[in-house]
Amino acid sequence: MKRNIPLILAFLAGLLMIVSEFIPHRPFSNMVETLENWFMIIAGFSIVLGLASLLQMNYQKISTKAENWGYHLACVIAFALIVIMGALWGMEDQPGLLGQGEKIVSWLGKKPFDYTYDNALVPLSATMFSLLAFFIASAAYRAFIIRTFESNLLMISAVIVILGRTGFGTMLTSWIPESYRIWQLPVLADFIMQYPNTAAQRAILISASLGIIGSSLRIILGIERSYLGGDK
Amino acid sequence: MSLNTSTILERRIVYLLLFLAVLLPLLFPIGWGSDVSPVVKMSYDLIDQTPAGGIGLISFDYEASTITEMQPMAVAQIEHAWSRGQKVIATALWPQGPQMAAQSFEEAKRNPLFKDKEYGVDYVNLGYKVGGMVTVQALGSSFKDVYPKDSSGRAWDTLPMLKDLKNLKGLSWICSLSAGEPGLKDWIMIAHDVHNVPVTGGTTAVSAPGFLPYVNNHGQLTGLLGGLKAASEYEALIGKKGPATTKMDAQSVAHILILLLIAVGNIKVWVRKRNNAKNTEVTNA
């Protein structure tokens, strides 16, 4: 029973969504609207669940003094600080428990939450993402080696696309006359992106979509049950 | 010197070179221009050809980590829409989206031409909603039901520019600036494919190839901005020398450095192979 009721609910909800695509009229349209509202409410709860899980996982690491537990402590402290700042003084135009916090705003120039967001989170996140460039540069030097015919083709198209996406590439081939425009690097790069790349991307997209349809049907028909948890 | 030490040293040299390749062009701009690609022009034309008074929606589906690539697109599109007398709604499918939107509006208002743009009349920031595609689907029925209040808690009815807006069909264009899921794909599949509202988008350079199939004869995607280069092209189209244009020199030099590193890496392997072959010949002889 514990497993059958969720399976029946999943079947009915899935069936309803499929039917509503083909008959977008009452009562199906109204029912689907209600299901959409339910989904948004349930998805909202997943944020709370995520936060609870984050705190629980970090608490375990800190209490058992697992390896690098200091980082987990820093995470919890940062989390607590940002929640406290948001709760006390609010963010942007929204007031917090202590109102708009005029005094602290006159000192910091912004509300503490916004100040921390702009001056800590934004630069830190951008820095983390920027580090990828260093790994890519290092990996390009060590791993992008021509060994086969296919890797040769890949290398040639990569060089054209990389150069074509830079101002240097534009400058390099801007002397080519308009009648031979296709040989200008930016145009050649656009050609590679729009034709060979798009053809391959479409094939991947169609395959992935067929896979999604297949797994959705398996869930609706109750063949795939791993989302219910447990080992069966 | 052991192989491991040499690898670490090489890696450090690569990191240093890349650091300089990014830093120097930022300090001493080169000013390489670039052609505008057709997909960027399509996106520009969509906003440019929308009549004054039309309402456009920008969905801020990214967070701080991709701000360098995405924010210049947002600012350029807001400035473009305002210069054409249009109004802009900001929504977000990502939790940090409302902050990104607030920063973009703030930056656009620093332009003396737009300093008088008024919240609620020329732009609103509706904020974040969970649910991804389902949220977009719900917007197809009613905006007010999904966003009874804006991101600052103002009620829908107190925002004059939203007075006549019922659902997605009331929008002239939609642009999803998307750094992943949920994002641009959801807007294409619902806003364009179901409600027939023109959708354009911006993504990070690495995601752009995956969205090009949607720029097709059916107009699923009306143009696409892929990465910093597209942002700089958009800035060129609206006649602005903005952050993307400045940063493009740094990106160009970094790309050239990566190409040089690939070439050096290949030469190194080729030399090593040749030496190994020579050694084998000597041993066999």
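Where in chain A does K65(A) lie? K65(A) sits in the loop that links helix 2 and helix 3 (69-89) of chain A; helices here are DSSP runs of H or I with at least four residues, strands are E runs of at least two, and both are numbered from the N terminus. What you're looking at is a predicted model, where local features need pLDDT of at least 70, side-chain atom pairs count only at pLDDT 80 or more, and totals for chains, interfaces and linings use all residues. Residues are numbered from 1 along each chain as its sequence is written, while chains are lettered from A and ligands numbered from 1 in the order in which they are written.

**Chain A overall**

- Chain A has eight helices and zero strands.
- Its radius of gyration, taken over C-alpha atoms, is 27 Å, whereas a compact globule of 232 residues would come out near 17 Å; that globule rule is 2.2 Å times the number of residues to the power 0.38.
- The C-alpha atoms of chain A fill a box of roughly 65 × 60 × 45 Å along the principal axes.
- The domain assignment gives domain 1 (1-66) and domain 2 (83-143) of chain A, with bounds from an automatic or database assignment.
- The centres of domain 1 and domain 2 of chain A are 31 Å apart, taken over C-alpha atoms.

**Where the chains meet**

- 48 residues of chain B are in contact with 45 residues of chain A, contact meaning that C-beta atoms, placed from the backbone, lie within 7 Å.
- Helix 10 (243-284) of chain B is one of the elements giving two or more residues to the side of chain B that touches chain A, and helix 10 of chain B has the largest share, 15 residues.
- That side of chain B splits into 24 nonpolar, 18 polar and six charged residues; Ala, Val, Leu, Ile, Met, Phe, Trp, Tyr, Cys and Pro count as nonpolar, Asp, Glu, Lys and Arg as charged, and the others, Gly among them, as polar.
- In helix 5 of chain B, the buried residues include V134(B) and L139(B).
- Helix 2 (28-63) of chain A is among the elements covering the buried residues of helix 5 of chain B.

**The sheet in chain B**

- Chain B has an open sheet of six strands in the order 3-2-1-4-5-6, with parallel pairing; strands pair if DSSP finds at least two bridges between them.
- Strand 3 (123-128) and strand 6 (224-226) of chain B stand at the edges with a single partner strand each, so one side of each has no neighbour in the sheet.
- Strand 4 (residues 173-178) and strand 5 (residues 199-203) of chain B pair in the parallel sense over five bridges.
- I174(B) stands opposite V199(B) in strand 5 of chain B.

- Most residues other than glycine have a negative phi, and most peptide bonds are trans.
- K65(A) isn't a glycine, yet has a positive phi of about 45°.
- K65(A) is exposed, with 9 other C-beta atoms within 10 Å.
- N196(B) isn't a glycine either, and has a positive phi of about 60°.
- R26(A) and P27(A) are joined by a cis peptide bond, with omega about 5°.
- E181(B) and P182(B) are also joined by a cis peptide bond, with omega about -10°.

Notes. Two residues are in contact if their C-beta atoms, placed from the backbone, lie within 7 Å. A residue is buried if 20 or more other C-beta atoms lie within 10 Å of its own, exposed if 12 or fewer, and partly exposed in between; C-beta atoms are placed from the backbone.
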